[in-house]
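Hello,

Here is the structure I promised to pass on to you. Have a look at it first, and then read my notes below.

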Amino acid sequence: MESSSDTFGKDDSADAKLQESRVVTEEEWLQKWETNNIGFHNEQGHPLADMGHQVVGVEISESALKDFFTEQKLSFSEEPIPGIPGKLLKSTTGNISLYCCSIFDFTSTITGKFDAIWDRGSLVAVNPCDRERYSQLILSLMDSRCHCLLATCLYDPSKHKGPPFYVPDSEVKRLFGKSCDITCLEKVDGLAERPKKWGLDYFWEVLYMLVLK
Ligand SMILES: C[S@@+](CC[C@H](N)C(=O)[O-])C[C@H]1O[C@@H](n2cnc3c(N)ncnc32)[C@H](O)[C@@H]1O
């Protein structure tokens with residue numbers, strides 16, 4: 001685990017302000033999927049369901065969800081989601097339920113609470129003005145034993161407007177620190193081709209574990 005003092009522990013409030021008014025609309029996200037502007041996408045997927053878990057996902061783009069089932073060679077059924085706009089796409093194997101709806105319409109009434117949550121590309125994609133609402137939602141979805149893995153990134157926000165948005169350690173503490181014990185599990189150099197194209201000269205991928213106090 002890397003724990004240099006260059007990006008942790010410094011006063012990052014001025015940096016955070018650079019992106020605070022940036023808004024990416026749901027239509028813009030749908031457009032990214034339509035135009036295949038999805039450098040964040042991992043075509044191989046992650047082997048969660050293969051490890052025996054019941055997996056639930058939430059995503060606004062229906063084509064993204066359908067592509068997932070096609071890529072994974074899984075058949076699925078569709079049904080409405082009671083009480084909110086959108087639909088549920090469920091693998092016929094029954095262990096993967098993908099909700100096509102806005103995350104901000106999603107509640108624990110729909111699925112109950114979770115014993116594990118993996119936030120990959122979610123908090124860093126949420127508009128900075130919606131982070132408080134998002135963190136309250138995540139907290140409301142955590143059952144008392146829940147382990148939440150949270151992936152964030154650190155870079156110079158004067159060089160890239162996001163997404164992914166810059167989410168410093170202080171922001172993770174502000175959003176989750178009152179309710180959760182927060183452990184930084186790793187901080188790795190993620191300066192690959194994509195962040196370099198954005199003009200960045202450093203890009204840290206940071207992984208936290210959150211557990212309710
Ligand atoms: C950075 S991508 C990460 C996707 C996925 N979690 C992954 O790791 O590859 C952010 C995703 O959030 C979706 N999204 C944006 N706004 C949303 C919303 N309000 N509700 C649900 N999904 C949304 C986008 O369509 C996009 O696929």
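Four strands make up an open sheet with the order β1-β4-β3-β2 and mixed pairing. Its edge strands are β1 and β2, each of which pairs on one side only. From one strand to the next, the twist averages 20°. Some terms before I go on: helices (H or I, at least four residues) and strands (E, at least two) are DSSP runs, numbered from the N terminus. Two strands pair if DSSP finds at least two bridges between them. Axes are lines fitted to C-alpha atoms, for helices over the stretch in contact, and angles run from 0 to 180 degrees between N-to-C directions.

Please keep in mind that this is a predicted model: local features need pLDDT of at least 70, side-chain atom pairs count only at pLDDT 80 or more, and totals for chains, interfaces and linings use all residues. Residues are numbered from 1 along each chain as its sequence is written.

Within this sheet, β3 (residues 87-91) and β4 pair in the antiparallel sense over four bridges. Lys87 has Cys100 as its bridge partner in β4. Helix α3 lies across β1, β2, β3 and β4, and runs at about 160° to β4.

Ser97 is a residue of strand β4 (residues 96-100). The cut-offs are 20 or more other C-beta atoms within 10 Å for buried, 12 or fewer for exposed, and anything in between for partly exposed, with C-beta atoms placed from the backbone. Leaving aside neighbours within four places in sequence, Ser97 is in contact (C-beta atoms, placed from the backbone, within 7 Å) with Val56, Leu88 and Lys90. The C-alpha atoms of Ser97 and Ala49 are separated by 10 Å, with the two residues 48 apart along the chain.

Strands β6 and β8 (residues 204-212) run antiparallel and are joined by eight bridges.

His147 sits in strand β6. It counts as partly exposed because 14 C-beta neighbours lie inside 10 Å. Not counting residues up to four places away in sequence, His147 touches Ala116, Met209 and Val211. The C-alpha atoms of His147 and Ile81, 66 residues apart along the chain, are separated by 26 Å.

**The ligand**

How many residues surround the ligand? There are 17, and the closest are Trp29, Ile60, Ile103, Gly121 and Ala125. By type, the shell divides into eight nonpolar, six polar and three charged residues. Here Ala, Val, Leu, Ile, Met, Phe, Trp, Tyr, Cys and Pro count as nonpolar, Asp, Glu, Lys and Arg as charged, and the others, Gly among them, as polar.

Of the nine residues of α2, the number buried is zero, so this helix lies largely in the open.

**Backbone details**

Most residues other than glycine have a negative phi, and most peptide bonds are trans. Just after α2, Asn36 has a positive phi of about 60°, and Asn36 is exposed, with 8 other C-beta atoms within 10 Å. Lys73, in the loop between α3 (62-71) and β2 (76-80), has a positive phi near 55°. Lys73 is exposed too, with 6 other C-beta atoms within 10 Å.

In the loop between β6 (142-154) and α6 (169-176) you will find Pro163. The peptide bond from Gly162 to Pro163 is cis, and the bond from Pro163 to Pro164 is cis as well.

**Confidence**

The mean pLDDT (the predictor's confidence in each residue, from 0 to 100) of the chain is 93, and 95% of its residues reach 70 or more. Over residues 1-6, pLDDT stays under 50. Where pLDDT is low, the predicted coordinates should not be read in detail.

Best wishes

Terms used: Near = placed C-beta within 6 Å. Contact = placed C-beta atoms within 7 Å.
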